[in-house]
Amino acid sequence: MKKQHLDKIISLCKRKGFVFPNSEIYGGLKASYDYGPLGVELKKSISELWWKEMTQSHQNIVGLDSAIMVHPDVWDASGHIANFNDPMTDNKDNKKRYRIDDLLSQQKSKVIDAICIALKIDSTNNDDIYSDIAHTLLSDGSKSDSVLEEAGVIDPFSGSIGKWTPAVQFNLMFKTDAGPSEKTGKHIYLRPETAQGIFINYLLVQNTMRLKVPFGIAQIGKAFRNEIVARNFIFRTREFEQMEMQYFVHPSKDVESMELWKEKRLDFYLNHLGINSENLKFHQHSKDALAHYAKDAYDIEYNFPFGWGEVEGIHNRTDFDLKQHENLSGKNMTYFDTKAQEKYHPFIIETSTGLNRLFLMVLCEAYFEDTENNRVVLQLPYELAPIKAVICPLVKKDGLPEKAMSVFKTLNQEFSCIYDEQGSIGKRYYRQDEAGTPFGITLDHQTLEDNSVTIRERDSMKQTRIPIDKISTFIQDNK
RNA sequence: GCGAGUGUAGCUCAGCUGGUAGAGCAUCAGCCUUCCAAGCUGAGGGUCGCGCGUUCGAAUCGCGUCACUCGCUCCA
């Protein structure tokens, strides 16, 4: 049943103003979406919850907002330039695409030798021979296709020699040029992760805030990845928002800290975002699937309509990044513990989550078809609901609209409300059920006599009669 | 990336074998007044994703392209 929900959620998102396809009047842009009036509220609520949980709730975690564009050497140090500029080739016969270095590693040595001779590469004592060939092919673009084919490079899928296209580079990072002309300017990349902004600033942050290890730096911001495949609605987009907290610990405490954060982060999903534990699980990366920087890595996965998908990564990044930056920048990146008189590179435990994925997860979790009452309800936790209450006059006459409007104006100071007098009262409730509004407040003729209203709860549809001045208290108690 | 499918009003969809578009819901205005949608009247809104082609004539056929969904694949 759950498997069929994504279409319904996409439709609801558009209908109610959560998410719109971007550039729709021009036919759309792949994997690009806009957040509508309700969507922006929901997204903001999720990130605010996260921020509060990850900064304010801890004495030793502070925030940061670093730049999207940074010195290009940062990406050299991080490994993004080296690791994600892999030359690729396609087999024209079956349209399979391969990373050339991967492809070569599966070939017999005489094939490799033939290529080396053709390209005049010295293959002796060369550990990076596959990568070297790949990059040579790329720089010699035009002849790369014939070289691979003539050497007899076999397509592992078909088992026969492929008809290879010239080497092509797919850049993970979006590149642009800073400066007035392409020639004089530097290549600038849009950050593919927010983490590096934290690493390069960590000593300044530590110093200005007088922090002692262990401490954390949290950041929310956009990152950009030129994904080849982008799918599943807003699950994987080229432009996305990360919420990361990098926790700096003593190298001997990494395992312990990892366990701590795994627990804390899972709790966030269960107790703050209202996710059912059945729909969450940890997935540990296997050794060979680990990122170039990581020692150990867990994902928190959610059971989306399209299957289990990663919503958060909790990784032990070790001291890889800090040492890399130290090597490349020449600046000392060590932390000095004055009490222990010890100087070291802290290990970094990263909790990195995708805000857009949490958004989708929250919607999937909240979406409920109440067949008994023939309605669709978004059972969002109160804190996440874009609109907290709808204020309705029972009928559009006898001074009820005026009275309701004044109640609306008062309550709207306190929390986000909406006023609605259009259509039957049931219809108005149902409209808000779909938007996830937890409370409906209705004024009727009795209100004019004793200042009481009916308050109706979204999930249970239960109605209670209370005085106007108790609305706020009631909501606080029942949210 | 490969394979399959879809693309007609804001949403869900109908338009069979080619003759320039309909419904329900939604929206808006008016009536009704009723605490759990779908009562009455009326209105706005689409050159049928986009382009090219075939044809006297295309939403309907062909090709291309863009976008989305599903299955594999991939995902630092």
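Reader: How many aromatic pairs does the count come to?
Author: The count comes to 17 aromatic pairs, where rings of Phe, Tyr and Trp (its six-membered ring) pair if their centres lie within 6.5 Å, and planes under 30 degrees apart count as stacked, over 60 as edge-to-face and the rest as tilted. Please keep in mind that this is a predicted model, in which local features need pLDDT of at least 70, side-chain atom pairs count only at pLDDT 80 or more, and totals for chains, interfaces and linings use all residues. Residues are numbered from 1 along each chain as its sequence is written, and side-chain values use heavy atoms, with hydrogens and water left out.

Reader: Why is the pair of Tyr35 and Phe359 edge-to-face?
Author: The ring centres of Tyr35 and Phe359 are 5.0 Å apart and their planes stand at 90°, so the pair is edge-to-face. Because Tyr35 lies in strand S2 (residues 33-35) and Phe359 in helix H12, this pair ties together parts that are 324 residues apart in sequence; helices (H or I, at least four residues) and strands (E, at least two) are DSSP runs, numbered from the N terminus.

Reader: And is Phe359 buried or exposed?
Author: Phe359 counts as buried because its relative accessibility is 0%, whereas Tyr35, at 21%, counts as partly exposed. Buried means under 20% relative accessible area, exposed over 50%, and partly exposed in between (1.4 Å probe, protein chains only).

Reader: What about Tyr247 and Trp261, what do they form?
Author: Tyr247 and Trp261 form an edge-to-face pair, 5.2 Å from centre to centre with 65° between the planes, and both residues are buried. Tyr247 is in strand S10 (residues 239-249) and Trp261 in helix H10 (residues 254-271).

Reader: Which residues form one aromatic cluster?
Author: Phe235, Tyr302, Phe304 and Phe306 form one such cluster.

Reader: Switching topic, how many residues has the largest nonpolar core?
Author: The largest nonpolar core has 52 residues, and those with the most contacts inside it include Phe18, Tyr269 and Leu360. Its largest share, nine residues, comes from helix H12 (residues 355-366). A nonpolar core is a set of buried Ala, Val, Leu, Ile, Met, Phe, Trp, Tyr and Cys residues joined through side-chain atoms within 4.5 Å.

Reader: Which residues does the second, separate core include?
Author: That core of 20 residues includes Cys116, Leu119, Ile133 and Val153.

Notes: Chains lettered and ligands numbered in written order.
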